[in-house]
Amino acid sequence: MSDRVENRLFQNRYVVDVGRPHITVKPHVNPSNALVAMTRVCPAGCYSRNEQGQVEIVADGCMECGTCRVVCAQTGEIEWSYPRGGFGVLFKFG
Amino acid sequence: MKQNHFDAIVVGAGPSGNAAAYTLAQRGLNVLQIERGEYAGSKNVQGAILYADALEKIIPDFRDEAPLERHIVEQRVWMMDDAGHTGMHHRSDDYNEDKPNRYTILRAQFDKWFSRCVKEAGATVIYETTVTSLMRDASGWVVGVHTDRNGEGITADVVILAEGVNGLVGRTSGLREELKPENVALAVKEMHFLPQEVIDARFNLKGNEGVVIEAMGTITEGMVGTAFLYTNRESISVGIGCMVSDFTDVGQATPHGLLDRFKAHPSIRALLEGSEIKEYAAHLIPEGGYRAIPELVGNGWLVVGDAGHFVNAVHREGSNLAMTTGRLAAETVADIILSGGSCSRHNLAAYVEAVKDSFVMKDMKKYKDIHGFLKKGRHVVDLYPRLMNRAAQTWFRVDGVDKKSKESTIVREAWRARGIGGLMGDAFKLMRAWR
């Protein structure tokens with residue numbers, strides 16, 4: 001896959017708040033279309049599907065854009081807050 | 001005065017928050033500004049073009065100190081198909097003036113500088129602190145904020161929400177509605193580093209001259225969006241953005257896949273050749289236009305900048321609207337507090353009037369129907385760039401076909417693609433939306 005997002009996130013600086021992810025996916029059986037769309041639309045590739053078809057998130061590479069929050073606002077499937085002050089992505093150029 | 005009480009609290013240290021905090025501090029008010037990033041700019045993303053006029057009205061001699069990259073001498077607008085582009089270029093030596101009108105900037109550096117100005121003007125600025133909610137009194141009046149550091153909260157006469165497009169404070173407090181996917185664009189951007197002289201040679205530049213390329217067409221794969229390429233001193237900002245609802249419902253692309261294909265486009269590839277990528281960023285842009293502007297004031301609060309949905313998507317302007325609304329909010333607040341008034345919804349309405357009297361609301365209003373036009377006329381971003389490129393190629397290729405036949409071919413292709421009714425309808429609707 002030529003457009004692997006991990007390679008570019010590697011360029012970015014993050015201060016990860018270990019053990020306190022600022023985005024979580026609520027437990028579910030069948031994800032909505034909106035949530036499934038995030039596995040493609042998240043610009044940091046944070047969302048993926050597990051073998052049972054549920055959507056999972058690893059928010060370490062999150063750029064805090066808020067796209068998933070907006071897309072899933074109606075379904076209420078994710079909990080979204082900003083990282084604690086000083087944590088999260090740190091843009092050098094922005 | 002209570003120890004922890006301020007005249008005003010500004011939430012966020014982007015262009016609108018800095019403009020507001022600076023203006024308030026200049027007027028002698030006791031201001032607290034709260035920013036969640038490690039430094040101002042560390043969470044902020046923009047293309048980025050700085051429009052001098054809006055900043056000049058706040059810091060007239062900003063050019064002496066601000067970290068600016070290049071001043072813009074050339075604008076290219078490209079309509080792209082898969083093989084190339086047809087476009088309009090405008091370049092003038094007149095832009096090599098004492099006080100240039102537009103600059104490329106790097107937001108992390110620029111915002112840091114602006115924030116330093118805010119502190120020098122006398123405001124108290126705290127970083128690494130996230131505002132979590134608003135404090136209200138029994139009557140619902142906003143009287144301060146709670147943060148993730150201070151359990152008791154901090155009080156103020158007024159809170160200016162400059163928290164950006166994805167601001168949660170105003171939303172979770174019920175001051176404005178949740179963003180709709182069809183009203184925001186998701187943009188991704190990379191920073192490509194190249195030696196200054198390479199950029200100069202590739203773009204025909206000398207000194208600090210810079211070029212802006214705005215592009216649309218098949219590069220967004222049927223989604224409503226645009227791409228850009230801005231020359232900085234030793235780097236090129238390259239990015240692409242589309243409406244979030246188009247990403248989810250219309251396109252099949254990942255944002256980074258879309259950016260990769262834009263970078264690989266025959267018209268772009270050579271401009272970036274050999275560059276070193278040092279950052280990848282993503283950000284939302286409020287592009288719902290005039291109709292998406294929320295309630296701007298209430299008892300004890302105002303909203304400015306991206307949080308107020310102040311972006312002119314047609315002209316790619318936002319930071320200037322942010323600075324202007326930040327300044328106007330601060331002037332309103334300063335006038336009220338210095339004359340001993342209360343920051344009631346009624347008194348703060350003067351800010352709304354000031355925004356209406358400025359270019360900000362006039363421009364927002366002018367393009368109020370463009371958003372709806374594009375939502376229903378998604379084909380225009382794909383079909384017309386295609387047709388233009390076809391037409392240009394038919395016209396410029398010398399192949400023994402007479403010019404009259406070439407004209408007929410061009411007309412026939414447009415006709416076939418959209419029909420006479422479709423063509424006229426698009427033109428009419430666009431004209432009406434543009435008015």
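Which residues of chain B does UniProt give for the feature "domain: FixC-like C-terminal"?

Author: Happy to, and please keep in mind that this is a predicted model. The UniProt record, an unreviewed entry, places "domain: FixC-like C-terminal" at residues 371-435 of chain B. That span is 85% helix and 0% strand, and its end C-alpha atoms lie 13 Å apart.

Now for its setting within the chain. Chain B is divided into domain 1 (5-69 + 105-177 + 294-357), domain 2 (182-286) and domain 3 (371-434). Between domain 2 of chain B and domain 3 of chain B, the C-alpha centres are 25 Å apart. Seven residues from domain 2 of chain B and seven residues from domain 3 of chain B make up the contact.

Stepping out to the neighbouring chain, 42 residues of chain B are in contact with 31 residues of chain A. Several elements of chain B each supply at least two residues to the side that touches chain A: the helices α3 (107-120), α6 (244-249) and α7 (255-264), together with the strands β11 (184-193) and β15 (276-286). The most comes from β15(B), with eight residues.

Terms used: Residues are numbered from 1 along each chain as its sequence is written. Chains are lettered from A and ligands numbered from 1 in the order in which they are written. This is a predicted model: local features need pLDDT of at least 70, side-chain atom pairs count only at pLDDT 80 or more; totals for chains, interfaces and linings use all residues. Two residues are in contact if their C-beta atoms, placed from the backbone, lie within 7 Å. Helices (H or I, at least four residues) and strands (E, at least two) are DSSP runs, numbered from the N terminus. Domain bounds come from an automatic or database domain assignment. UniProt positions are given in the numbering used here, feature names are shortened, and annotations may be inferred rather than shown by experiment.
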